[in-house]
Structures are given as structure tokens and as C-alpha cells.
There are 2 protein chains.
Amino acid sequence: MALIVQKYGGSSVADAESIKRVAKRIVDTRRGGHDVVVAVSAMGDTTDELLDLAAQVAPIPAPRELDMLLSSGERISMALLAMAIHSMGFDARSFTGPQAGMRTDSRHGSARIVEVTPTRLREALDEGAIVIVAGFQGINDDTQDITTLGRGGSDTTAVALAAALDADVCEIYSDVDGIFTADPRVVPLAHKLAHVTSEEMLELAANGAKVLYIRAVEYARRHGVLIHARSSFTANEGTYVLGEGMKHPRESEGEAMEEPIVAGVATDLSQAKVTVAGVPDVPGKAAEIFKIVAKSGANVDMIVQNVSAASTGRTDISFTLPKSDASAALKALAAEQSEVGFESLLHDDQIGKLSVVGAGMRSHSGVSAILFEALSTAGVNLEMISTSEIRISVVVRGDELAEAARVVHAAYGLDGEVETVVAAGTGR
Amino acid sequence: MALIVQKYGGSSVADAESIKRVAKRIVDTRRGGHDVVVAVSAMGDTTDELLDLAAQVAPIPAPRELDMLLSSGERISMALLAMAIHSMGFDARSFTGPQAGMRTDSRHGSARIVEVTPTRLREALDEGAIVIVAGFQGINDDTQDITTLGRGGSDTTAVALAAALDADVCEIYSDVDGIFTADPRVVPLAHKLAHVTSEEMLELAANGAKVLYIRAVEYARRHGVLIHARSSFTANEGTYVLGEGMKHPRESEGEAMEEPIVAGVATDLSQAKVTVAGVPDVPGKAAEIFKIVAKSGANVDMIVQNVSAASTGRTDISFTLPKSDASAALKALAAEQSEVGFESLLHDDQIGKLSVVGAGMRSHSGVSAILFEALSTAGVNLEMISTSEIRISVVVRGDELAEAARVVHAAYGLDGEVETVVAAGTGR
């Protein structure tokens with residue numbers, strides 16, 4: 001008998017019918033002889049509707065009250081889910097974040113989990129009940145106020161519960177089948193991965209893959225939680241996210257699992273490129289520029305500095321950042337133009353970022369050569385390049401990103417059978 | 001500086017506009033130099049919508065989970081109200097039933113308040129904040145589960161807060177102007193009362209008046225809370241409900257207040273009459289009958305037993321009960337007909353009950369004579385009569401009830417100017 005934590009996102013519990021379907025899946029797991037703890041998101045668009053209401057009564061809602069408001073969404077879905085399970089003849093009890101012992105710091109809207117003390121959950125499990133916990137919420141340890149965990153909060157709730165209860169697996173359900181070698185809407189020949197390492201998953205998520213939230217994967221990695229990302233609409237096995245020293249369950253049972261050098265290709269159209277042109281090539285200028293950008297609240301991703309032209313003693317510095325951060329960064333830089341002494345600012349929001357991720361890169365040479373060769377053959381021009389230990393990212397024209405992803409995917413031998421895949425996107 | 005508790009029902013916070021209007025009223029009270037604690041119901045039809053959802057996922061929802069579900073409604077309204085007040089530049093903090101220290105017994109769906117420990121509310125008040133509390137909900141002292149207080153729960157929350165915080169007044173806002181001498185839809189010449197005693201209010205509420213819930217009035221009476229029932233749509237003064245030894249505030253300031261013998265005329269079309277005919281006139285038969293009726297779950301109101309006919313040794317027993325309880329009671333009685341030995345059962349759901357209530361009845365004679373005289377002159381036939389110390393109730397034909405109420409209202413000198421009054425009905 002195992003202890004299984006399951007997380008269901010908003011699209012999995014969007015209406016009464018979906019809730020009954022999820023209840024059946026939970027009951028089936030229980031019937032399999034397992035203890036079950038469920039973290040659930042708010043139904044469908046509830047959170048957006050509540051945010052709308054808040055905007056109608058207050059231009060800038062007080063953060064404490066906004067968390068109080070938003071936390072009601074999960075109370076509705078979890079109570080309904082518990083009722084549905086009850087009416088199938090199984091004991092089920094719902095618990096709010098505070099009742100579940102989800103203790104956080106005081107950052108309303110993006111609280112961090114400080115400690116999980118699941119005393120009441122253990123009691124309920126000991127009494128044979130299925131435990132349903134409100135995702136996304138906790139309680140400020142100091143003030144006893146309700147907090148919310150921010151984007152992807154329910155994933156984090158599930159992983160934190162799995163860690164605190166020492167669960168055998170944390171199943172993250174969404175409307176996609178698992179982690180794919182690429183976004184199937186971009187690369188039709190993408191196939192589902194049996195497993196990825198958590199470091200690969202972090203790189204994929206940080207570079208455009210949307211199935212799992214970085215924070216939840218980090219938490220799982222730090223606390224040794226095995227994640228199984230799968231669909232709530234099928235019975236298919238999904239993708240296991242393996243931390244340090246973990247093996248895919250089938251491999252543990254003796255089955256040999258393929259270990260590709262490259263796990264997947266991530267694509268990202270959400271970034272823009274800013275070039276600060278004609279920067280005096282003297283020490284400290286880059287630091288000066290990125291201090292200004294950071295102060296504007298922008299999150300810089302890739303940075304490239306050209307070799308300076310000896311004739312002018314000036315260089316160009318380009319960086320990428322989320323499109324939504326670009327105008328603030330440009331404004332901040334423009335205000336300091338004479339201070340920094342650069343010549344001009346260029347802004348380009350028609351770029352695409354392609355990243356190849358694989359833990360095998362550490363031990364295999366020639367991985368980047370395959371990438372550059374494939375893109376060159378396809379006539380795709382590279383505008384920026386950056387690498388980490390297990391990732392190579394390149395910036396290309398936005399309208400060439402899909403083509404680039406397809407040829408790179410093929411070049412690494414990732415093309416599989418065509419699968420039918422539903423659109424990506426998970427609840428919070 | 002006074003401490004004022006205010007309660008706003010669902011119709012007063014039905015949408016964003018209403019919430020802003022209520023926020024302004026609260027802020028105005030605060031600007032008047034008073035400490036303000038607010039109990040708020042769920043927005044408009046939220047509770048009914050949540051009940052609908054519950055019915056869709058479970059035929060008989062688990063009571064613990066139903067309370068968890070329903071309690072989310074007030075979290076939404078209270079957080080929005082606190083935000084709206086915040087954005088007007090005043091500190092406001094919302095508290096759930098558990099956070100407010102509303103400790104109850106374990107009866108999910110109709111929990112009773114055991115104790116109120118408003119530690120956090122006092123702290124917030126001491127820090128100058130306006131306090132918003134979720135009506136209708138509490139926490140089971142033993143299990144730490146969420147409970148709800150049942151119908152009229154938010155009124156009870158407000159009164160219990162007023163008692164625990166020793167408030168100067170508990171203002172119960174609804175969409176009617178206060179307590180009237182009769183239902184203005186039935187008696188157009190009904191007028192608003194400046195005050196009623198709490199015992200009069202209890203009799204009026206028990207006999208058809210719908211502005212205040214009996215439980216809240218009882219709690220106020222027991223704990224010496226001054227209730228002011230008024231409209232959230234006007235600035236008019238409403239009706240004060242005076243407990244033992246209390247005076248209307250204006251009377252306290254030296255103004256002479258009229259003390260009528262009769263406070264008001266209540267009408268009720270929600271009851272049915274059952275007659276058990278041909279009951280053997282031997283001791284213990286009435287007890288036998290009402291034991292059967294009680295076991296069916298019916299709530300008996302008036303009871304009349306005729307003098308037995310000496311010739312037959314049999315008598316008739318009639319009683320009234322809510323229409324919704326009638327079929328269960330009739331079925332239960334029919335099943336025991338041979339055991340009890342009565343001859344037949346009659347059922348009449350076309351009756352109306354008229355009650356005249358006034359604390360002055362204690363010290364004035366001839367009060368009932370006025371009633372009987374007025375009804376006789378109007379040609380209204382009386383089918384049952386029952387009295388308490390401060391009330392006379394009669395059962396008449398349902399289609400004669402309105403006419404009966406008008407002539408009785410006039411006979412006691414209650415007719416006032418014609419007022420414009422909105423429809424009765426409050427939130428829970």
C-alpha cells in the first residue's frame with residue numbers, strides 16, 4: 001500500500017461533471033489499496049472571476065484581503081470534491097490550507113512555504129479517509145492570516161504535502177499527457193517522455209515548457225519527491241520527473257529505459273530583445289546597465305556582449321527579457337542615457353528562443369554542433385547564443401522558431417509517431 | 001465614541017456597486033468617530049448557487065463538506081467589502097468565523113454558538129481598523145471544523161459579536177425600513193414602529209413577521225443587546241428592539257415616546273390545519289396524537305380541542321402546522337388510526353393566521369374584545385383562537401386574512417399615513 005498525492009488543476013474540476021469524474025479517479029486509486037491525499041485548484045475560471053470582482057470594488061486591492069478572497073475558490077472545489085467522493089460511499093474530508101498546516105511567510109500573493117505540519121491530515125488518513133486539501137493557500141505563521149502561494153501554487157501545495165507526508169509519488173494531473181520532447185502544437189512529431197530528470201525539467205520549464213511550474217519542481221528536487229505528470233482525461237501513464245538517485249518505476253522493476261542525450265526542445269515566443277548600442281568599452285559599464293534594468297523590475301534572461309570594435313572603443317550589449325517588462329526597462333535606460341554614455345537603444349519583440357535540454361550533454365561532446373548544423377542547413381540565422389551545463393539556447397527570428405524547432409527535433413533523433421494531443425495549459 | 005456592530009444581508013451586497021455603497025455607509029459611521037464591526041452575508045444568491053452545485057455532485061451532501069462549501073460565500077463578500085473600504089483610505093480587516101472566535105457546537109448546518117472569543121477583533125479595533133466578520137459561520141470547538149449557523153445566521157453573528165464586544169448598538173440592515181405595525185403589502189396603512197420590546201418582536205417574528213430572525217432576537221434579549229433594524233438603502237432611522245430595561249435612544253434623551261397597547265398585527269399564510277375527528281374522549285388521547293405528530297417531524301403551532309359531545313363520548317382535536325409538514329403528519333396519523341381510535345382526518349391548507357401582539361395587553365383589559373368586535377363587524381368567521389400573555393391569534397379563511405388584518409389594524413388605532421415601502425425580505 002502506497003501513499004499517493006494527487007493534484008488536480010482548475011480545468012480538471014471546471015464543473016459538476018468534471019468533479020464527479022475526478023472523484024471517480026480518486027476512488028479508483030483508493031480502491032487500489034492506496035492512501036490518497038488530493039490537492040485541488042479552484043474550479044475553471046473562478047480565480048479570474050474573483051479577480052474581476054476585486055478590480056470592480058478596488059483599483060488596487062489590499063493584499064491581505066485579496067488572498068482572503070482568492071482562497072475561497074479552492075474551498076468551493078474541495079468541498080464539492082469531498083461531497084462527490086462521499087456519495088460514492090468513501091470517507092473524504094476537505095481541509096483548508098491553514099487546517100492542513102501549510103505554514104508560510106507573510107508575502108501575500110506569493111507566499112513561500114515555511115513548514116508543513118500535516119497533523120490533521122495524518123489523523124484523517126489513519127482513520128481511513130481520503131484527504132482533500134485546498135491548493136494554492138496557506139497561513140501566515142506570525143499573524144495567522146490567509147496567504148496564497150502565487151502562480152502554480154497548487155502544484156507546490158501537492159509537492160509540499162508529498163514531502164511532508166513522505167508520499168511514494170506526487171501525481172500532477174492536467175489536461176496534457178505529460179512532458180513532451182517539444183510543444184506538439186509546434187512540433188507535430190514530438191513524443192511523450194517516459195521520464196526527465198528534475199534538472200532537465202527545470203531547464204525546460206524555465207525556457208518555455210508549461211506543464212509543470214518551476215517552483216514545484218524545485219521543491220520536489222530539494223525534498224526528494226517523485227513527480228508523475230499526467231492527464232486527468234486518460235488512463236495513460238505520463239512522465240516521471242526524477243530527482244537525484246531516483247529511477248523510473250518500471251526501471252526499478254528491471255525494465256531497461258532509454259537514456260537520450262537530449263530530453264527535449266523548448267520554444268518560447270514570450271521574450272523581447274533589447275540592444276544597448278555604442279556602449280563605451282570600459283570596465284563596469286555592463287554592471288551599470290543591468291543595475292538600471294533590474295531596478296525597473298525587469299527579469300533579464302540571455303545576455304550577449306559583442307567584441308568591441310577597436311576603432312571606436314565602443315561595444316553593443318543585447319539582452320532578452322519578458323515582452324511585458326520591455327517598456328519599463330527601455331524607459332529606465334533612456335532616462336540614464338547620458339549618464340551611461342551609450343549611443344542608442346534598439347527594441348525587437350519579434351524574436352523566438354529555442355532551447356535544447358539534456359543531462360547527457362555533460363558527458364557527450366558534439367551536442368551543440370548538431371544544433372548549429374541543423375539550423376544552418378535550414379537557413380535559420382542565429383542572433384544570440386547562450387549555454388548552461390545541460391542546455392543550449394539560441395535566439396532566432398520569431399517567424400522562424402517553429403521551423404527551427406522541427407529541424408532541431410529531427411536532428412537529435414527525437415521525432416516519434418504522430419500523437420493526438422490536447423492543448424497545453426494547467427490550472428494554477 | 002461608540003462601538004457599533006452592523007449587519008448587512010445578501011441583498012445589500014449583491015454586486016460590486018452595492019458593496020461600494022455599503023462600504024461608504026460603514027466609512028461614514030467610522031468618520032462619525034465610532035468603532036465599527038460588520039457582519040456580512042454572502043452576496044445575493046451565492047448561497048443558493050452553491051447549494052445547486054452541491055446537489056449536482058451529491059444527492060445528499062456530507063454535512064461537514066456542505067458547511068465548508070457554504071462558508072466560502074461570506075469569505076468572498078467580506079474580502080470585497082474590506083478591499084472597498086481600504087480603497088477609501090480606511091484600514092479594514094476581514095475575519096472568518098473561526099478567526100473571529102465564533103465557537104459553536106458540532107451541529108453542521110444549524111450550529112449553536114457556544115462562546116465568542118473575539119481576541120483578534122479587539123486587537124484590530126485597538127489598532128484603529130474597521131472589522132469585517134463573515135456572518136453565518138463558526139468553528140466546532142471540539143473538531144476545529146467549519147460550521148454554519150443555519151437560517152438567519154448572519155443576524156445571530158452580528159448580535160453575538162455585539163454581546164461579546166459589549167457594543168452600544170447592533171444595527172441590522174436589510175431592504176426594509178424597520179418593523180411595521182403590519183406587513184405593508186397586506187395593510188397599506190401600516191406604519192413603521194419607533195421601537196418594539198424584544199418579547200413583542202419574538203411574538204411578531206414567530207407569527208409571520210420576517211424582518212428579524214427569532215434566534216437573533218432571543219440572543220439579543222438574553223445578552224442585553226440593543227438591536228436597531230433599518231434599511232441599507234436609506235438614511236432613515238429604523239426600529240429599535242428593546243430588551244429588559246432598555247429605552248429608545250431618543251427617550252433616553254428626554255423625548256416622550258408613545259407606548260401603544262398593541263405593537264402590531266402579524267399575518268401568516270404558511271400554515272395548514274389538521275383536524276383529528278371523533279377521538280375517544282379518554283385521558284391520554286391528546287398526548288398520544290401529538291407524540292405521533294412530533295415523531296413525524298412536524299412543528300405544531302396552535303391546538304384546539306372541542307368540548308366532547310356527551311352523547312358520543314368523542315371529541316375533535318384541531319391543530320395548525322407549517323404546510324410543508326402537513327403530509328408527513330397526516331401519513332403518520334393515518335398509520336396509527338386504529339391504535340388511537342379516531343374516526344377521520346381532515347386537512348385544510350386554505351387558512352390564514354392573524355396575530356395581534358402587544359406588551360400592553362398585560363395591563364389593559366378589553367384588548368381581545370376589540371379584535372373580536374372588529375372581525376365580527378367585517379363578517380370574518382373565526383376557526384381557532386389561541387392566546388399568550390402578550391398575543392391573541394386567530395385562524396380565519398386564507399382569502400379573508402388581508403381584509404381581517406386591515407380592519408383589526410384600524411380597530412387598534414394603528415393606521416398611519418400611506419408610506420412607500422419596498423418589498424420585505426432579508427438575507428440570511
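A residue counts as buried when its relative accessible area is under 20%, as exposed when it is over 50%, and as partly exposed in between, with a 1.4 Å probe and protein chains only. By this rule Glu17(A), at 54% relative accessibility, is exposed. The structure described here is a predicted model, in which local features need pLDDT of at least 70 and side-chain atom pairs count only at pLDDT 80 or more, while totals for chains, interfaces and linings use all residues. Residues are numbered from 1 along each chain as its sequence is written, chains are lettered from A and ligands numbered from 1 in the order in which they are written, and side-chain values use heavy atoms, with hydrogens and water left out.

What does the meeting of the chains involve? With contact taken as heavy atoms within 4.5 Å, 41 residues of chain A touch 41 residues of chain B. Buried area is the accessible area (1.4 Å probe) that two parts lose on being put together, summed over both. Between chain A and chain B this area is about 3100 Å², and carbon and sulfur atoms give 65% of it. Val57(A), Arg75(A) and Met83(A) supply 22% of the area that chain A buries against chain B, more than any other three residues.

Polar links also cross the interface. A polar contact is a pair of N or O atoms within 3.5 Å; within protein, one must be able to donate a hydrogen and the other to accept it, and residues adjacent in sequence count only if both atoms are side-chain atoms. Between chain A and chain B, 16 residue pairs are in polar contact, both residues being at pLDDT 80 or more. Helices (H or I, at least four residues) and strands (E, at least two) are DSSP runs, numbered from the N terminus. On the side of chain A that touches chain B, at least two residues each come from α1 (16–31), α2 (46–57), α3 (63–86) and β3 (92–95). The largest share, 16 residues, belongs to α3(A). For sorting residues by type, Ala, Val, Leu, Ile, Met, Phe, Trp, Tyr, Cys and Pro count as nonpolar, Asp, Glu, Lys and Arg as charged, and the others, Gly among them, as polar. This side of chain A then holds 24 nonpolar, 10 polar and seven charged residues.

Salt bridges come next, each being a side-chain nitrogen of Lys or Arg within 4 Å of a carboxyl oxygen of Asp or Glu. The whole structure has 54 of them over all chains, and two salt bridges lie between chain A and chain B. Asp145(A) pairs with Arg120(B) in a salt bridge whose closest N and O atoms are 2.7 Å apart.

Other salt bridges lie within a chain. Lys7(A) and Asp155(A) form one, with their closest N and O atoms 2.8 Å apart. Lys7(A) lies in strand β1 and Asp155(A) in helix α5, so the pair ties together parts of chain A that are 148 residues apart in sequence. Lys7(A) is buried at 1% relative accessibility, and Asp155(A) is buried at 0%. Exposed Glu17(A) meets Lys20(A) in a salt bridge of 3.5 Å, N to O. Both residues lie in helix α1 of chain A, three residues apart, or about one turn of the helix. Lys20(A) is partly exposed, at 28% relative accessibility.

Ser18(B), in helix α1 of chain B, is buried, with a relative accessible area of 10%. Its side chain makes a polar contact of 2.6 Å with that of Asp15(B). Glu244(A), in the loop between β12 (239–242) and α8 (249–252) of chain A, is exposed at 73% relative accessibility.
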